[in-house]
Amino acid sequence: MKFFKLKERLTPEEKAKRDVILQKVKDYRARGCRVPSPKLIKTEAQIEGIRRSAEVNTGVLDMVASQIHAGMTTAEIDKLVYDYTVGHGAVPAPLNYEGFPKSVCTSVNEEVCHGIPSEKVVLREGDIVNVDVSTILDGYYSDASRMFMIGEVSPEKKRLVETARQCLEVGFRAARPWGFLGDIGAAVQECAEKHGYSVVREYGGHGVGLEFHEDPFVSHVGRRGTDMLLVPGMVFTIEPMINMGKRKIYVDAGNGWTVLTDDGKPSAQWEYTVLITDSGAEIITG
Ligand code: MF3
Ligand code: CO
């Protein structure tokens with residue numbers, strides 16, 4: 001838990017604007033809506049801090065994109081991420097997070113998420129790999145991931161990767177102030193299921209910014225007009241995990257981290273950190 005002094009940081013103009021928003025939130029709550037706590041509605045100063053963190057985070061992903069290749073181990077990706085992040089005055093958020101041993105998650109083929117970089121995992125032509133990067137800069141957190149296709153991949157895997165990307169896009173486009181989290185989940189779910197894929201439910205997006213994982217849980221399935229109200233100043237991730245086969249997953253008992261598809265079929269994931277603005281939503285890192 002961090003202490004922060006809201007009042008001291010707000011100009012009279014920002015304070016007035018925030019009060020209007022908080023009053024509107026109260027009105028929604030009185031009507032029975034699930035609403036975010038004030039802590040989840042970031043101030044301009046906090047958003048600035050998150051943006052700076054996100055700049056490094058996107059830089060890491062761009063650097064990985066330029067370096068990733070067949071024959072490389074996922075441990076090499078981890079080293080690239082660590083060196084770049086530290087070189088930019090930041091800290092990789094996954095490192096030692098709840099005992100996670102590396103600086104980045106690398107999830108290959110049937111690995112859904114939270115894959116641990118290793119010297120033993122060599123990327124091969126035809127692999128699809130998610131690289132999930134999270135950064136802390138000056139105490140502010142950001143989080144995004146991309147898929148990479150190594151050399152020629154099968155048309156089936158390519159379609160999965162591209163559809164997963166589309167699922168994130170439609171989810172992002174459904175995010176708007178005074179809408180609901182369920183709008184995002186519904187859009188993602190429809191996109192995935194229309195293509196014959198399934199959506200992982202046990203893991204989802206999350207609030208982010210002052211901590212790595214804040215409320216709310218961002219489900220990638222849902223119904224429109226349900227779940228938490230979306231309010232300007234909220235910052236959270238959208239990170240759908242889309243399975244080619246069944247949605248069932250399990251956690252590797254050997255390392256306690258890596259999530260895999262139960263049927264062994266491939267899974268794909270893309271992730272943005274998004275900010276709800278006064279008029280829509282903005283990608284902070286992706
Ligand atoms: N973006 C991932 C998440 O929010 C990053 C996990 S890092 C780990 O779950 F350390 F928890 F693995
Ligand atoms: Co995340």
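Modeller: A residue is near a molecule if its C-beta atom, placed from the backbone, lies within 6 Å of it. Keep that cut-off in mind for the ligand. The model is predicted.

Biologist: Which residues are around ligand 1?
Modeller: Pro94, Tyr97, Phe100, Cys105, His114, Asp132, Ser134, Asp143, His206 and Glu271. Each is listed because its C-beta atom meets the 6 Å limit.

Biologist: How do the residues of the shell around ligand 1 divide?
Modeller: Into 4 nonpolar, 3 polar and 3 charged. Tyr and Cys count as nonpolar here.

Biologist: What makes strand E2 covered on both faces?
Modeller: Cys105 and Ser107 lie on one side, Thr106 and Val108 on the other, and all are buried. Buried takes 20 or more other C-beta atoms within 10 Å, so each of these four residues reaches that count. In a regular strand, side chains alternate between the two faces of the sheet.

Biologist: How do you know that E2 and strand E4 pair?
Modeller: Pairing needs at least two bridges. E2 (105-108) and E4 (128-137) have 4 and run antiparallel, so they qualify. Cys105 stands opposite Asp132 in E4. Cys105 and Asp132 are also among the residues around ligand 1.

Biologist: Why are strands E6 and E13 called edge strands?
Modeller: The sheet is open, in the order E6-E10-E13, with antiparallel pairing. E6 (198-199) and E13 (267-269) each pair on one side only.

Biologist: What joins E6 to strand E10?
Modeller: 2 bridges, with the strands antiparallel. The threshold is at least two, so E6 and E10 count as a pair. Ser198 stands opposite Asn243 in E10.

Biologist: How do you know that the span of helix H6 agrees with its 14 residues?
Modeller: At 1.5 Å a residue, residues 181-194 should span 20 Å. The end C-alpha atoms are 20 Å apart, so the two values agree.

Biologist: What makes H6 mostly covered?
Modeller: 11 of its 14 residues are buried. Among them are Leu181, Ile184, Val188 and Cys191. The buried residues pack against helix H5 (155-173), E6, strand E8 (214-218), strand E9 (235-238) and E10.

Biologist: Which residue follows H6?
Modeller: Gly196 does, and its phi is positive, near 85°.

Biologist: Where in the protein chain is confidence lowest, and where highest?
Modeller: Helix H1 (residues 6-9) is lowest, at a mean of 58, and E13 is highest, at 99. The chain mean pLDDT is 97, and 97% of residues reach 70 or more. Where pLDDT is low, the predicted coordinates should not be read in detail.

How values were computed. Residues numbered from 1 in each chain as written. Chains lettered and ligands numbered in written order. Predicted model: local features only at pLDDT ≥ 70, side-chain atom pairs only at ≥ 80, totals over all residues. Buried ≥ 20, exposed ≤ 12 C-beta atoms within 10 Å, placed from the backbone. Expected span 1.5 Å × (residues − 1). Contact = placed C-beta atoms within 7 Å. pLDDT = per-residue confidence, 0-100.
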